[in-house]
Amino acid sequence: MPAAQWVRAQQAILFIAIALFGQLARAQPVRPETVATGLQNPWSLAFLPDGHFLVTERPGRLRVVAADGRLGPPVTGLPEIAAGGQGGLLDVLLDADFVHNRSLYFCFSEPAPAGAAGNGANSTALARARLSADQTRLEDVKIIFSQKPKVASSAHFGCRIVESRGPGANGQPDGKLFLTLGERFSRKEDAQNLGNHHGKIVRINKDGSVPGDNPFVNRARALPEIWSYGHRNPQGATLAPDGTLWMHEHGPQGGDEINLPRAGANYGWPMITYGENYGGGKVGEGLTAKAGMEQPLHYWVPSIAPSGMAFLTSERYGRAWRGNLFVGSLKFAYLDRIELSEPFGGKVVRESKLLAEVGERIRDVRQGSDGLLYVLTDSSNGKLIRLLPGN
């Protein structure tokens with residue numbers, strides 16, 4: 001082939017390759033399919049064995065959503081809830097043996113008892129209950145944990161629940177629960193004080209008792225439920241297949257963090273942060289590191305306002321997505337696909353924005369039993385959306 005023809009052939013091949021790459025780049029990796037609408041500020045999602053969905057609404061309602069998107073009436077039997085601001089009915093989690101025991105756990109903003117000192121105050125609480133066979137009511141409701149102390153605040157409840165498992169890829173549920181707790185905004189210094197539950201992750205048995213191997217069980221002036229401390233407002237948590245707890249927390253203005261909370265570890269808030277005060281200015285001494293305090297695995301500046309967190313264990317979107325972490329962004333209204341240096345672990349190497357075209361705050365993200373991702377959008381007309389593999 002003459003040299004000129006060879007050059008033209010190479011140019012044509014390059015042009016075709018660029019065009020194909022452009023088409024792939026523009027192709028949507030997922031297609032959103034709306035399953036249900038009309039949910040009022042939905043906060044958390046669970047998948048019932050019969051294909052129905054269990055959804056919490058922040059104003060204080062729990063609903064069963066049919067597979068075709070029909071909203072059931074509010075489930076009865078919930079305790080009194082201090083709904084307002086960021087508070088209300090928040091996370092819900094089915095017990096690992098739900099098929100046999102119909103047990104579930106939910107957390108919410110619990111008001112102080114009527115007539116009690118500090119009436120008008122509230123705190124995060126965790127309850128256990130059974131869902132009736134006809135899915136219309138909660139039975140045998142028992143509050144198994146209440147954050148102390150209660151304060152008058154409508155912010156920073158935290159409130160994500162994770163059922164723990166033994167270590168290793170085949171680890172079985174071990175009868176314990178993690179619960180994330182915010183520092184209530186006005187009490188940020190409490191996050192460094194082991195004598196309260198503000199800004200902590202706690203670990204309890206399913207009956208509310210304290211595991212004997214918790215890190216502060218035998219420490220004077222420390223609450224024994226505490227697993228880790230120095231957190232701000234953790235609104236996302238999940239368990240990796242090897243049993244490692246992952247969580248994220250809101251920073252102030254900047255400095256949202258992903259952490260892997262270890263027993264007894266201090267994650268620094270408000271002594272260290274990559275954020276600043278609202279409106280500008282240092283938080284405390286303006287430090288980002290200090291001896292004895294953990295660094296985040298990853299942080300965002302500016303803040304994305306994260307909520308919801310899930311690992312993808314399926315290959316429904318291709319092998320490259322398995323082991324990725326997914327986090328909702330409230331501030332920028334997208335689902336963050338987070339690629340790690342190894343499946344389910346390592347460092348953050350790349351982030352991609354999904355569902356930006358939906359234009360709604362993403363409150364929760366979960367993987368369903370079908371291996372697909374589902375999200376809830378946070379609005380007065382919130383949606384349950386299924387993510388289908390793209391074309």
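This is a short chat about a predicted model.

User: What are the ground rules here?
Analyst: The model is predicted: local features need pLDDT of at least 70, side-chain atom pairs count only at pLDDT 80 or more, and totals for chains, interfaces and linings use all residues. Residues are numbered from 1 along each chain as its sequence is written, and side-chain values use heavy atoms, with hydrogens and water left out.

User: Arginine 184: where is it found?
Analyst: In the loop between strand 10 (173–181) and strand 11 (200–205). Strands are DSSP runs of E, at least two residues, numbered from the N terminus.

User: Which side chain of opposite charge is nearest to arginine 184?
Analyst: Glutamate 183, 6.9 Å away. Arginine 184 is buried yet has no salt bridge. Buried means under 20% relative accessible area, with a 1.4 Å probe and protein chains only. A salt bridge needs a side-chain nitrogen of Lys or Arg within 4 Å of a carboxyl oxygen of Asp or Glu.

User: What does its side chain reach, then?
Analyst: The side chain of asparagine 122, through a polar contact of 2.6 Å. It also reaches the backbone oxygen of serine 153 at 2.8 Å. A polar contact pairs N or O atoms within 3.5 Å; within protein, one must be able to donate a hydrogen and the other to accept it, and residues adjacent in sequence count only if both atoms are side-chain atoms.

User: New topic. Which peptide bonds are cis?
Analyst: Tryptophan 269 to proline 270 is one, with omega about -5 degrees. Valine 301 to proline 302 is cis too, with omega near 5 degrees.

User: And histidine 156, buried or exposed?
Analyst: Buried, because its relative accessibility is 4%. Histidine 156 also has a positive phi of about 55 degrees.

Conventions
Helices (H or I, at least four residues) and strands (E, at least two) are DSSP runs, numbered from the N terminus. Buried means under 20% relative accessible area, exposed over 50%, partly exposed in between (1.4 Å probe, protein chains only). Lys and Arg count as positive and Asp and Glu as negative; His and the chain ends are not counted.
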